[in-house]
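Visitor: I would like to learn how to read the features of a structure model. Please take them one at a time.

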Amino acid sequence: MKMKKIYVLILAALACVSCNDWLDVQPSTQIEKDKAIESTQGFRDILIGAYIRLKSPALYGKELTWGSVEYLAQHWETDQKETGPFQLSQYTYYEKSALSATGNMFNNLYKAIADVNGILDVIDEKQSMLVNGNYELIKGEALAIRAYCHFELLRLFGPMPGKDIPQSTILPYVKSVSRKINTHLTYAEYTKQLLADLDQAQQYLEKVDLILKYNLKELNLQSGYQLKEPDMFFAYRQMRMNYYAVLAQKARVYLWLNDKPAALENAQKVIGAKDKKGELIYALGSKGEMEAGDYSLSNEHILALTNHSLSDANWRKTQDAFYTLKPKLERYYSDTDIRLQLLWTEIVENSIRKYHSKKYVQLEKSGTDARNNWAKNAIPLIRLYEMYLIAMECSSLEEAANIWNNTLSVMRDEEKVAGFNSKEQLENLLIMEYNREFYAEGQAFYAYKRLGRETIIGSPKAANADVYVIPLPSQEFTGINTGN
C-alpha cells in the first residue's frame, strides 16, 4: 500500500527530552508521515503533535475554553461591535468577524481530526512494530481524540438534540486523510460513528492504560510516589486521553442523545473509579484547595491539557480582554459560594469594576521536583464535577436532591434544597451550576443548547435554533477536504 503524503506536526526533539518535559515541547519541524511512521517514536511524535494542536489558542488554549464559546454563553462583557466576540455574544453569526471566528473553530477541529487520522490510517499495518502496549495505547488515544473533536463539532454546528432532529445531513464524520470531499451524514449516522469510536477507544485503552493500575500521584510522579514502569510515555494519564476520559465522553454523548440510563452508567463508573488499592481515583475539590491556589481543582481533572505557558503574568495579560461585571456574578452565585469568594479578582479600570477569573492562574513550581505541579498547570477539558451533574440529571428527583444536598452543595458552600418537585426545577438548578462551575471552561453554552433553554442568562434575544445552531462555513455546505 502506498502511503498518503500529508504533513503533520511532530516533535523532532521529543526523543531527547526528559520524561517530565515532553508535554511542553513546541513543534520544531514538519516531516512526511510516511517517514514518521517507520518507528514507535514516530507514531508517538504524531500523537503528541495532535495534543499540541488541541492546546493551541485556536482550540482549547483559548477559543473553546475561555474564549469564543464563553461569549456564546454571555459570560464576558464587550462593547467593540466590529469584533468577533461582540458578534458572537449577539448571535449575529453571518457578520464578517463572527464568520471568521466560527470558521476557525470548525477548521481547526477538523485539522485535529486529520492529525489522528494520519495515525489511524496506517496503524493496523504497523501493529507488529508497536509492541509492549504501544499499539493499543496510541490507537485508543487517537480514536478518543477523533471522537472528542467530532462531538465538539456536533455541539457547536449540529442541530439541537431532541425530538425534532432533521432527517437531512448535518456534518461529515471524517475517518481518513484524503483530498476528496467527505460526505455529510445524517444525525443518526454521525452519532453512530461517534459512539463506535468511543467503544473502540475504551476497548483498546482497557488493555494497557496505567490509570487502571496506579493512582494519580504515582502516574504524575509526585514526591514520595514511584511509578514502577520503565516507559514514561505511559505516565501522566490525566494529560492524555485515558480510559476514564473515554467513559466521561460517553456520559456526555449519551446525555446529548437523551439516553439517560447509559449516561448515568458511564458517569457512575467515573465517579466510583478506584485504583488497585481500592481508593477513589478522583475527588471533588474543596475550599482548602482553592485557598492553596489550585483554582481549577486538579484532583477533579479526568482529562486536561498541560500548559505551563500560562504563567501568572501571562494569564493576567490574556485575561485583559475577558471580564465580567458584579451584577452578572450576583445572578449566578450566592454570597457563601466558594467559587464567588475565591475565583475572581476585581480590577478597577476607567472607574469600571471588572472581574477577571483566576481559574488558570498557574501554581508556582515548588521545591526541587517541578513534576509535583504537572496536574495543576493544566486546562481541564472534563472534570469530576460534571459527572455528578450528569448523575443528578439522569437520576430520580429524590436521588438528584440527595446528590446535591449531600455532596455538591457541601463542596461549594451552596444552598441546599428541600427537594425537587419537578424536572423543570431540577433543570433550573443544573443550568445555574453549569454557569457557576464551568465559567471560563466552555461548557455552559452546550448545556443551554442540550436542555433547549428558551433564555440564555444575559442574552439580548430569545434562544432558539437560530442561536444554538452555528451555521457551517459557506465553503463547507457540500463537504470538507481533510488533506493538508
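Guide: Start with contact, which means heavy atoms within 4.5 Å. Leaving out residues up to four places away in sequence, Met387 touches Ala248, Ala251, Ala267, Val270, Ile271, Ile302 and Ile382. The model is a predicted one, in which local features need pLDDT of at least 70, side-chain atom pairs count only at pLDDT 80 or more, and totals for chains, interfaces and linings use all residues. Residues are numbered from 1 along each chain as its sequence is written, and side-chain values use heavy atoms, with hydrogens and water left out.

Visitor: What pLDDT does the chain average?

Guide: pLDDT is the predictor's confidence in each residue, from 0 to 100. The chain averages 86, and 85% of the residues score at least 70. Over residues 1-31 pLDDT stays under 50, and the model has 73 contacts beyond four places in sequence for that stretch. Residues 365-372 also stay under 50, with 14 such contacts.

Visitor: How many helices and strands does the chain have?

Guide: Helices (H or I, at least four residues) and strands (E, at least two) are DSSP runs, numbered from the N terminus. The chain has 19 helices and 8 strands. Among contacts between residues at least 6 apart in sequence, 71% join residues at least 24 apart.

Visitor: Which residues have the most contacts inside the largest nonpolar core?

Guide: In soluble globular proteins, nonpolar side chains tend to be buried together. Buried means under 20% relative accessible area, exposed over 50%, and partly exposed in between (1.4 Å probe, protein chains only). A nonpolar core is a set of buried Ala, Val, Leu, Ile, Met, Phe, Trp, Tyr and Cys residues joined through side-chain atoms within 4.5 Å. The largest one here has 157 residues, and Tyr244, Tyr282, Met387, Met392 and Phe445 have the most contacts inside it. Helix H6 (residues 134-157) supplies the largest share of this core, 15 residues. Of the 484 residues of the chain, 61% count as buried.

Visitor: How many aromatic pairs does a search of the whole structure find?

Guide: A pair of aromatic rings is described by the distance of the centres and the angle of the planes. Rings of Phe, Tyr and Trp (its six-membered ring) pair if their centres lie within 6.5 Å; planes under 30 degrees apart count as stacked, over 60 as edge-to-face and the rest as tilted. The search finds 21 aromatic pairs. Tyr173 and Tyr190 form an edge-to-face pair, 5.2 Å centre to centre with 80° between the planes. Tyr173 lies in the loop between strand E3 (169-172) and strand E4 (184-186), and Tyr190 in helix H7 (residues 187-208), so the pair ties together parts that are 17 residues apart in sequence. Tyr173 and Tyr190 are buried. The ring centres of Tyr243 and Tyr244 are 5.2 Å apart with the planes at 80°, so this pair is edge-to-face. Tyr243 and Tyr244 are both buried. Ring pairs also link Tyr71, Trp76, Phe322, Tyr332, Tyr333, Trp344 and Tyr439 into a cluster.

Visitor: Where does the charged end of Arg240 sit?

Guide: A charge sits over a ring if NZ of Lys or CZ of Arg is within 6 Å of the ring centre and within 35 degrees of the ring normal. The charged end of Arg240 is over the ring of Phe233, 4.2 Å from its centre. That of Lys354 is over the ring of Tyr323, 4.4 Å from its centre. Between Lys326 and Lys354 the C-alpha to C-alpha distance is 7.6 Å, at 28 residues apart in sequence. Lys326 is in helix H13 (residues 326-332) and, at 44% relative accessibility, counts as partly exposed.

Visitor: What is the phi of Asn258?

Guide: Most residues other than glycine have a negative phi, and most peptide bonds are trans. Asn258 has a positive phi near 65° and is not a glycine. Asn258 lies in the loop between helix H9 (243-256) and helix H10 (260-271). At 56% relative accessibility, Asn258 counts as exposed. Ser351, also not a glycine, has a positive phi of about 70°. Ser351 lies in the loop between strand E6 (344-349) and strand E7 (352-357), and counts as exposed at 73% relative accessibility.
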